[in-house]
Amino acid sequence: MTIGNPAFTSKNNPFDPKAEINVELGIHETFLELAEQSIHMIGISDAQLKVLRAEYKKSKKNFLNGYSYTVEFIKRSDLSRKRPHQRDKVIDAQAKMLYNWNHNLNTPVYVNVDKDGNNNVMEGQQHFTVDSILGDPDDMVNCIVYRGMPDHFELEFFLNFNCDARTGITDYDHNRMMILIERVTPTGNAHYEELERKQQLFEQFNCRYLEDKEENKDIACGTAHSSIWKVRPNTLKEMLKFISNDEHLRKNPMIQVTWGFWEVMADSGYLYDDNVRNGWRDLVLDMTGQQNVKSELTQILKENERIWSSAKGPKLMMQILKERGVEIEMDRVCETGKLQTELDNEVSLSETAQTYVKMAQNND
Amino acid sequence: MIEYESKYLLYILDTGENFKLGIIEKRENLHKRFNSLYKQLAKPTEEARAKIKFARVYEGITDVHVKTTEKTALKELLEHRLPQANPKGQPTEYFDSHITLDMITEAIDKQPLFAGGKPVKLNLLYTDYVPNYKK
């Protein structure tokens with residue numbers, strides 16, 4: 001059994017820091033290294049920055065654990081605090097941020113640091129966020145703040161680089177670096193840690209999550225659709241393992257209906273059923289690869305005067321598989337009897353679907 | 001027995017000088033397509049016109065077999081496709097004279113196609129075929 005995709009060599013493997021493709025993009029460098037190259041000063045004089053940095057370095061040296069600031073330095077009574085409902089919103093914002101780093105990187109966020117390099121920023125750090133409602137706006141330094149990063153990261157990043165934006169690295173790199181950083185320093189945030197586990201699966205099976213660009217839509221074992229991060233880890237693992245070990249499937253890019261189907265398999269208890277897996281594989285190959293599955297299912301729905309639905313598509317595939325002779329109990333797949341009848345009719349009345357049913361029968 | 005029932009057909013047009021790869025959406029329109037391609041080429045002499053023919057016409061089990069094969073073959077031979085006669089110069093389905101019929105058929109044969117999970121090929125419907133056309 002081969003694990004991973006042998007088509008990915010050291011020349012093009014996105015997870016090998018020595019690979020040429022990565023050298024060019026600079027993703028073998030750490031986030032901080034990258035930031036250092038793109039120092040961008042705004043709203044702060046060199047002299048002022050020098051003072052800030054000197055203080056930061058001094059305090060870092062003086063402090064035993066290497067942190068320049070800790071929560072103990074701040075009088076909590078001096079700080080306004082986020083209310084619970086505000087904090088809830090922060091969590092959503094963080095999740096969204098993971099999927100769209102570029103947006104965040106190009107949106108300046110204001111951080112409270114006064115002229116003396118004071119540590120108001122810690123207030124934000126406690127709550128995984130920052131805002132400009134504290135302190136005198138004239139005292140503020142503009143920069144990007146990486147919310148929800150490991151402890152002390154944003155402080156270090158900001159005071160070291162006074163960085164407000166960076167360009168030249170792609171969304172994919174941002175997501176990847178973010179996840180890798182989170183891995184190095186566990187956050188205790190279940191959502192991030194799960195993402196980290198999933199990122200490991202991508203690497204283990206040589207699959208790729210790529211930036212959403214036209215030229216990335218055709219890359220073997222790759223996908224540019226961020227909903228893949230919502231697939232449960234076990235389902236994702238089984239799916240990536242199966243695809244990357246199949247000599248034909250691993251030549252295709254993955255699309256949403258791929259993991260849509262594997263999620264339906266997991267929901268209906270067929271995740272580890274080899275007949276269903278292989279039946280799916282044969283059907284996908286008959287449709288000339290994963291990238292064409294959606295258009296074929298859309299065609300079947302169209303022949304029934306219906307439009308594409310990402311929830312229904314995978315279940316429709318189940319129905320086709322059943323009619324192609326795979327043992328599937330459709331009541332485990334469908335929540336309602338009505339849907340079951342609907343799928344049954346759609347397959348029997350569609351010419352395209354019947355062609356696929358016939359294709360399997362001809363081979364028996 | 002496998003039935004080749006695709007509505008789409010894949011053709012290789014031989015213009016006498018070079019080749020073109022294309023698909024038609026309805027197999028009954030094959031002669032119409034030939035007619036329009038013939039007129040578009042506007043060859044000046046009778047000898048040149050006599051060389052125009054469909055070098056190969058293929059049918060598939062499903063339409064997606066034909067569509068995917070065309071897409072991947074065109075992609076594989078991308079650098080040999082003639083550009084459009086406009087400033088953008090995007091590649092057309094016509095190949096330059098370096099491309100031989102064998103190279104195109106090889107690109108077509110290379111496409112992995114399956115029926116019921118087992119490998120199949122497109123079915124060769126016609127070779128060197130000249131449909132009836134109205135002048």
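**Strands, core and contacts**

Guide: Happy to. In chain B, strand S1 (residues 9-14) and strand S3 (residues 53-59) run antiparallel and are joined by 6 bridges. Keep in mind that this is a predicted model.

Visitor: Which residue in S3(B) is the bridge partner of B:Asp14?

Guide: B:Asp14 has B:Lys53 as its bridge partner in S3(B).

Visitor: And what does S3(B) pair with over 5 bridges?

Guide: Strand S8 (residues 123-129) of chain B, again in the antiparallel sense. In that pairing B:Glu59 stands opposite B:Asn123 of S8(B).

Visitor: Zooming out, how many helices and strands does chain B have?

Guide: Chain B has 4 helices and 8 strands. Along the sequence they follow the pattern β-β-α-α-β-α-β-β-α-β-β-β.

Visitor: What share of chain B is buried?

Guide: Buried residues account for 27% of the 135 residues in chain B. As for contacts in chain B between residues at least 6 apart in sequence, 67% of them join residues at least 24 apart.

Visitor: Next topic: how many residues of chain B are in contact with chain A?

Guide: 15 residues of chain B are in contact with 14 residues of chain A. On the chain B side, the elements giving two or more residues are helix H3 (63-76) and strand S6 (113-115).

Visitor: What is that side of chain B like by class?

Guide: The side of chain B that touches chain A has 8 nonpolar, 5 polar and 2 charged residues.

Visitor: Over to the core. Which residues have the most contacts inside the largest nonpolar core?

Guide: They are A:Leu283, A:Met317, A:Ile320 and A:Leu321, in a core of 72 residues. Helix H11 (residues 256-267) of chain A gives the largest share of this core, 6 residues.

Visitor: What is A:Ile320 in contact with, leaving aside neighbours within four places in sequence?

Guide: A:Ile320 is in contact with A:Leu283, A:Val347, A:Ala353, A:Tyr356 and A:Val357.

Visitor: How do the axes of H13(A) and H14(A) cross?

Guide: Helix H13 (residues 293-302) and helix H14 (residues 312-323) of chain A have axes that come within 10 Å and cross at roughly 80°. H13(A) is therefore roughly perpendicular to H14(A), since angles of 65 to 115 degrees count that way.

Visitor: Which residues meet there?

Guide: From H13(A), A:Lys294, A:Leu297 and A:Ile300 meet A:Gly313, A:Leu316 and A:Met317 from H14(A). By class, this contact of H13(A) with H14(A) has 4 nonpolar, 1 polar and 1 charged residues.

Visitor: Is A:Cys221 buried or exposed?

Guide: A:Cys221 is buried, because 22 other C-beta atoms lie within 10 Å and 20 or more is the cut-off for buried.

Visitor: And where does B:Ala42 lie?

Guide: B:Ala42 lies in the loop between helix H1 (30-41) and helix H2 (46-50) of chain B. The phi of B:Ala42 is also positive, near 45°.

Visitor: Why does B:Ala42 count as exposed?

Guide: B:Ala42 counts as exposed because it has 8 C-beta neighbours inside 10 Å, and 12 or fewer is the cut-off for exposed.

Technical notes:
Residues are numbered from 1 along each chain as its sequence is written. Chains are lettered from A and ligands numbered from 1 in the order in which they are written. This is a predicted model: local features need pLDDT of at least 70, side-chain atom pairs count only at pLDDT 80 or more; totals for chains, interfaces and linings use all residues. Two strands pair if DSSP finds at least two bridges between them. A nonpolar core is a set of buried Ala, Val, Leu, Ile, Met, Phe, Trp, Tyr and Cys residues joined through C-beta atoms within 7 Å. Two residues are in contact if their C-beta atoms, placed from the backbone, lie within 7 Å. Ala, Val, Leu, Ile, Met, Phe, Trp, Tyr, Cys and Pro count as nonpolar, Asp, Glu, Lys and Arg as charged, and the others, Gly among them, as polar. Axes are lines fitted to C-alpha atoms, for helices over the stretch in contact, and angles run from 0 to 180 degrees between N-to-C directions. Angles under 35 degrees count as roughly parallel, over 145 as roughly antiparallel, 65 to 115 as roughly perpendicular and the rest as oblique.
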